[in-house]
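Dear colleague,

Please find below the structure I am handing over to you, followed by an account of what was found in it.

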Amino acid sequence: MQPGDPARSANSPAGGRPSAPPGAPDPAAFDDQFHTYETQVIDDEVRYYGEPLGSPEAVVRDIWEVFHEHDHEVELTVEAGRYVLVATEQSYGIDGVPWKNVALFLATIVTTLFVGAQWYLIDPVADPWKAVTTAWPFSAAVMGVLMTHELGHYVASRYHRVNASLPYFIPFPSLIGTMGAVIRMKGRMPDRKALFDIGASGPLAGLAATIVVTTIGLFLQPIPVDPTIIDAEGTITISLGFPPLMHALSWITGQPLQYGQALNVNPVVIGGWVGAFVTVLNLIPVGQLDGGHITRAVFGENQSTLAAVVPVGLFGLAGYLHYFEDIAFQAVAVWVFWGVLALVVGRAGTAEPVRDEPLDSRRLALAALTFVLGAACFMPVPVLVSTT
């Protein structure tokens, strides 16, 4: 069938059954759960009219696997007083050139080169060619850890046949030249195993890239002067807080993370910092974040209890750092922002798997390891701005 085709129907003849178009599930495959008396094809949807032989929720859960095996997504609805299963074919590959993804990817390369040049103390406007030829390692480091993280999700989605987009990068001339990257899930989660694998694959893949990028950066030449901005009030110095993981890599390699006032680490190390920070934020256990997926897979519906206390913890962390550790509010405002965001995404809920059986012991152990590694990436004060 092609989009725009006129509707076609197959009514049940005397003593017979309605048929389905090629590629779609035959009604006989789920007749024990939903008795079909008519099928229709409208544009790119196959409609099965009939009677559910159980509660609508149970029917969809029981027949979903049949449609999933035929690469269709299905939902049960009511039209003009009649129950109808609406099946839509899913495509798990790349259909044509993903121009939007490509454009955002290229735009993010530009913004990371622009910001990276400033980390190398080069004016990208005055000397754009020098900016590109000098700052490309920074751009490659940042883009590499973000792409590896998102491709981890994408590969796991393809493995479990969950429809997902390619990564969408978000260009933004911030401290790192981007606001990250996301992929869009278009299909339902088959079970907790798929939910866990898709949720954990991004942070684990991103952590591997973070370790590689940080290690490479530690062996590169430091920058001879701290990155500063001079304004009317004096010198503003931007200092990054490095997590335990990066300190451990510094100890293992014997390469310093701090050089004093005269030198700063090579900007490639900042790519590792980005990977660590992205890991921490994504593992916050609420909503559609990776941490929300993982904890929903581990704890089931009890995950909502954990999600409810997360904003309180983030607000509490910001308050403790500001009032008891005397950290400037702008340095801890990130946790206030993510506390508010946790409230919002927490209310939206997590992805709900079709089958809700508990995880196996191997995945439970991997979930614990994922959060331990995430804790090794945590930094109470990610960025500190001081004026002298």
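I begin with a residue in a loop. At 43% relative accessibility, Leu121 counts as partly exposed. Leu121 sits in the loop between α2 and α3, and its phi is near 65°, a positive value in a residue other than glycine. Please bear in mind throughout that this is a predicted model.

With a relative accessible area of 70%, Asp326 is exposed.

**Strands and hairpins**

Strand β2 (residues 34–42) and β3 run antiparallel and are joined by 8 bridges. Within this pairing, Phe34 stands opposite Pro52 in β3. The hairpin of β2 and β3 has 2 residues between the strands, and Asp43 takes a positive phi near 55° there. On β3 there is a further antiparallel pairing, with strand β5 (residues 82–89), made through 6 bridges. Here Val46 stands opposite Ala87 in β5. Strand β3 itself (residues 45–52) is mostly covered, 6 of its 8 residues being buried.

Another antiparallel pair consists of strand β6 (residues 168–171) and strand β7 (residues 178–182), which share 3 bridges. Phe169 has Ala181 in β7 as its bridge partner. The hairpin formed by β6 and β7 has 6 residues between the strands, and Gly177 in the turn has a positive phi of about 85°.

**Annotated segments**

The UniProt record, an unreviewed entry, places the feature "transmembrane region" at residues 102–122, 166–183, 195–220, 265–284, 305–321, 327–345 and 366–385. Two of these segments may be set beside the model. Over residues 102–122 the chain is 86% helix and 0% strand, with the end C-alpha atoms 27 Å apart. Over residues 265–284 the chain is 80% helix and 0% strand, and the end C-alpha atoms lie 28 Å apart.

**Nonpolar core and surface patch**

Which residues touch the most other members of the largest nonpolar core? Of its 55 residues, they are Phe242, Trp273, Ile284 and Trp335. At least two residues of this core are supplied by each of α2, α3 (128–159), α4 (192–219), α5 (244–253), α6 (267–282), α8 (303–323) and α9 (329–348). The largest share, 9 residues, comes from α6.

Trp335 belongs to helix α9 and counts as buried, at 1% relative accessibility. From Trp335 to Val345 the separation is 10 residues in sequence and 15 Å in space, C-alpha to C-alpha.

A nonpolar patch is found on the surface, formed by Val97, Trp99, Val102 and Leu106, which together have about 410 Å² of accessible area. Trp99 lies in helix α2 (residues 99–119). Is Trp99 buried or exposed? Its relative accessibility is 62%, so Trp99 counts as exposed.

**Salt bridges**

The count of salt bridges comes to 12. One of them pairs Arg363 with Asp197, with the closest N and O atoms 2.9 Å apart. Because Arg363 lies in helix α10 (residues 361–376) and Asp197 in helix α4, this pair ties together parts that are 166 residues apart in sequence. Arg363 is buried, with a relative accessible area of 11%, and Asp197 also counts as buried, at 18% relative accessibility. Arg363 forms a salt bridge with Asp360 as well, the closest N and O atoms being 2.8 Å apart. Asp360 counts as partly exposed, at 25% relative accessibility.

Arg296 forms a salt bridge with Asp356, in which the closest N and O atoms are 3.1 Å apart. Arg296 lies in helix α7 (residues 290–299) and Asp356 in the loop between α9 and α10, so the pair ties together parts that are 60 residues apart in sequence. Arg296 counts as buried at 2% relative accessibility, whereas Asp356 counts as partly exposed at 31%. Salt bridges that share partners join Arg192, Arg296, Glu352 and Asp356 into one network.

With kind regards

Methods. Residues numbered from 1 in each chain as written. Predicted model: local features only at pLDDT ≥ 70, side-chain atom pairs only at ≥ 80, totals over all residues. Heavy atoms only, no water. Patch = residues over 30% accessible without salt bridge, like charges linked within 9 Å, V, L, I, M, F, W, Y side chains within 5 Å. Areas by Shrake-Rupley, 256 points an atom, 1.4 Å probe, with all protein chains shown as cover. Salt bridge = Lys/Arg side-chain N within 4 Å of Asp/Glu carboxyl O. Helix = DSSP H or I, 4+ residues; strand = E, 2+ residues; numbered from the N terminus. Buried < 20%, exposed > 50% of the residue type's maximum accessible area, 1.4 Å probe, protein only. Pairing = 2+ DSSP bridges. UniProt positions renumbered as here; feature names shortened; annotations may be inferred. Core = buried A, V, L, I, M, F, W, Y, C linked by side-chain atoms within 4.5 Å.
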